[in-house]
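The tour goes from one selection to the next.

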Amino acid sequence: MTPSSASGAPLDELLKKRPSPELQIAGPAQQPLPKTHSILEKGMMEYRPFGADATGEKIRDVSGMTIRANIEYLEESISLKAGPAAGMQAVENLCSLLNERIRDPAYHVAPALLRNMWHSYSYEFRCFLGEFCCIIAGDPQFAFKMAQAKFLSPIIQTLGRPFSVSQIYRMFPHFGEKFVKGSMYMEAESVTDRHALLRMKFTDAVDGQFGPYRKACAALVCAASKGALTAIPERIHHGRPAAITDLSCMAEGDEWCEWDITWDPEPSRQPLWVAVGFLASMACWFFLRHQHPTLTTIQALLLASAPALLSVLIVRWWARHTRSQMREQLVDEQLRSVEARHEELREAYLEQEQTTVELRRKVGQLTILHRAGLLFSSTLDRDLLFDSVLRALNEDLHYDRAMISLYDRDRRVAHKIRIMGVSEACTAFAENLAIPVTDPHLLEGAVLLEGRPILVRNLQEVWHCLHPLHQQLATMTGAKSFISVPLKVKSQVMGALTVDRTEVNGLGQADLDLMVTVTNQVAIALDNADAYAQIEALNVGLEAKVRERTRELERLNQDLAAANQKLRELDHLKSAFVSIVSHELRTPMTSIKGYVENLLDGISGPLNNRQAQSLERVKCNADRLTRMTNELLDLSRIEAGLIDLRLAPITIPELVADVMDSAQAFAQPKSITLRQRYAAAPPPITADRDKLHQVLTNLIHNAIKFTPQHGLVLVEATTLEGQVEICVSDSGCGIPEQELNRVFEKFYRGPSAPIETRGAGLGLSITKSLVELHGGRIWVTSSRGQGSRFCFTLPIETPIKPNESSPTYRLG
């Protein structure tokens with residue numbers, strides 16, 4: 001299913017409106033981009049989204065409550081528009097989009113994981129998630145509305161009710177210390193009963209995660225923070241939302257996000273002590289007037305009000321102090337309990353998630369190692385083995401680069417370096433390196449001379465321990481940390497297997513353990529490849545014996561070739577004999593045919609019907625014998641290579657019409673229709689007219705011969721790429737499938753053909769030879785009872801090939 005936004009547009013179309021997500025690694029020297037440049041332009045996430053970072057420190061930039069609030073509000077907002085199913089699908093789509101940006105599959109997320117409020121995430125992940133939520137919901141104000149509705153959880157609302165709005169705003173730094181410690185600075189500059197001045201900014205560590213996209217990320221976080229702050233009077237004390245004004249903003253390039261917040265004051269309550277104080281004053285005044293009548297009214301009022309006011313002040317102060325003390329004690333206990341439980345559960349979940357990630361990574365690595373081991377063990381060629389190893393490390397285990405170098409113990413140099421994951425220029429540079437390895441105190445010596453695997457977390461710290469050529473190679477690749485493991489075969493170091501990363505502390509002990517395992521598998525495969533090479537060397541002697549035996553067979557073949565040559569000479573003599581006999585038969589057959597025709601024409605006198613019928617039969621057999629003689633003569637010339645092509649321009653329709661005119665006499669007794677058809681006029685071709693006339697005559701006569709009364713013989717021609725295809729179709733008896741492959745053989749006469757139509761079996765063989773002599777080919781398609789279709793192709797320009805046949809034998 002294609003992910004879609006609330007507006008119904010596919011997400012990939014929405015994302016096309018943003019710059020393409022190509023990887024842009026942000027360095028410290030990069031200038032901040034305007035806030036219109038989203039962090040999605042970064043492409044892949046550079047930092048781990050949760051668990052522990054590259055240094056092993058637990059990631060706790062953003063509370064899981066923040067991520068859960070985003071997930072819940074996204075699902076609820078989509079559900080209100082398109083139904084519950086669409087809301088659930090929106091969360092699934094969000095996970096799919098996030099996983100496309102996370103390099104390591106071990107850190108891929110699912111809806112259940114994102115709903116876990118005890119989890120913690122990196123700020124980079126939080127901003128990717130926030131941007132995708134805005135896109136899926138189709139609401140640029142998603143972050144502000146989500147924070148207003150979801151950031152203040154029910155427990156926070158309950159715990160905050162004993163406090164006034166101003167007291168809650170004063171605790172703004174306290175909440176920052178508890179929930180975003182190490183990722184943000186929060187300060188409350190001034191707070192009154194209806195006014196607060198608050199501000200916040202990111203730490204340097206968080207700024208590093210944002211890179212040049214700091215302004216866009218600040219706009220996202222700032223909107224969510226303002227949404228939560230404005231909701232405090234409404235959510236906790238059921239008043240109206242606070243009004244907030246931006247005084248400065250990190251999204252505009254300022255150092256801090258600073259807000260001026262105002263809200264309606266809480267309604268005042270008339271305390272009971274006012275009435276009590278008034279009654280006490282009146283009682284004192286009446287007492288003084290009766291007991292001391294000498295006092296004036298003013299003096300009595302003053303004396304009566306003094307003790308009353310004093311007692312009221314004492315009672316008021318004591319009540320306020322007691323309530324405040326009890327309230328603070330209660331809240332303090334609740335906060336300590338909740339915070340203790342929160343930290344306990346959070347630590348437990350962090351440990352659990354890190355364990356899950358490590359387990360998933362281990363399972364993935366074991367799967368890859370198993371698959372790679374099978375691949376390595378099945379490869380017996382060194383070059384293919386090395387390519388497979390580098391590809392597995394670079395593509396399957398996700399190391400930035402992988403390198404294999406071989407060690408020449410005699411010359412004491414590392415050479416024949418193969419590297420994957422770099423540019424062609426870097427590859428060419430590495431292949432031409434020959435690095436001396438003589439000092440065991442250098443990193444190369446530790447690996448190749450002492451056979452110790454090494455793990456370098458920060459390359460700059462050991463830069464002086466690298467050979468200058470290796471320093472140059474590391475500069476070209478941009479490596480910041482690497483692992484190098486000796487490649488040992490039978491306790492001898494044959495080379496080294498190296499992987500690296502472009503960030504400091506990008507590799508750890510787990511990577512070193514994995515590389516040692518991979519290198520052991522490669523060593524076994526390399527040993528197998530060397531053993532195979534030794535077997536190949538042993539085969540060389542056997543091959544020498546085979547060559548000697550081959551020479552003996554070649555001598556025998558030479559004897560056989562001499563015998564074959566003698567047979568060819570005899571075959572040539574046979575062909576010459578057939579040619580001579582056929583030529584000698586043509587003269588008497590011509591005379592016989594001439595005398596028979598004279599008798600039939602009545603030159604020697606009239607004939608009765610029986611005599612005429614006999615002479616007609618003699619003429620028919622003479623014609624048949626003449627055709628057989630001509631076919632034998634043509635066959636002998638073809639086999640002897642004495643057929644020469646006289647090439648000239650030929651028009652296909654004209655040639656076909658000429659042959660059909662000649663065949664009309666043969667077709668008329670059976671009332672067979674001869675027809676030619678062209679979809680478009682074929683172009684003229686260069687060929688031997690007489691030979692093509694013979695080809696068409698053979699095919700059309702065959703078609704007439706096998707077509708019953710009132711049938712049809714059709715000749716068609718079409719133009720192909722540089723060729724003309726000519727087809728002769730009939731409506732005759734057809735050819736069985738089992739005979740189709742033999743119709744062009746010499747002297748073959750199909751057993752299914754009627755006896756009266758069988759000839760010498762040479763016509764189609766001669767036709768095939770003449771077509772191939774022109775550079776074409778011929779074939780037949782047919783089925784029993786549905787006629788036959790003979791097709792052949794001819795090049796428009798017939799290539800002239802030199803005659804390499806046997807010496808020409810000419811008659812007479």
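A disulfide here is a pair of cysteine sulfur atoms within 2.5 Å. This is a predicted model, where local features need pLDDT of at least 70, side-chain atom pairs count only at pLDDT 80 or more, and totals for chains, interfaces and linings use all residues. Residues are numbered from 1 along each chain as its sequence is written, and side-chain values use heavy atoms, with hydrogens and water left out.

Start by selecting cysteine 727 and cysteine 791: a disulfide joins them, with an S to S distance of 2.2 Å. By the sulfur rule, the count comes to 1 disulfide. Now look along the S-S bond of cysteine 727 and cysteine 791: the torsion is about 115°, so the disulfide is right-handed.

Next, show the strands (DSSP E runs of at least two residues, numbered from the N terminus). The pair links distant parts of the chain, 64 residues apart: cysteine 727 lies in strand 17 (residues 723-730) and cysteine 791 in strand 19 (residues 788-795).

Are these two cysteines buried or exposed? Buried means under 20% relative accessible area, with a 1.4 Å probe and protein chains only. Cysteine 727 counts as buried at 2%, and cysteine 791 counts as buried at 3%.

Move on to cysteine 95, which is in no disulfide; the nearest cysteine sulfur, that of cysteine 133, is 9.7 Å away. Cysteine 95 is buried, with a relative accessible area of 3%.

Finish at cysteine 222. Its closest cysteine sulfur, in cysteine 257, is 3.8 Å away, too far for a bond. Cysteine 222 is buried too, with a relative accessible area of 2%.

Technical notes:
Helix = DSSP H or I, 4+ residues; strand = E, 2+ residues; numbered from the N terminus. Buried < 20%, exposed > 50% of the residue type's maximum accessible area, 1.4 Å probe, protein only.
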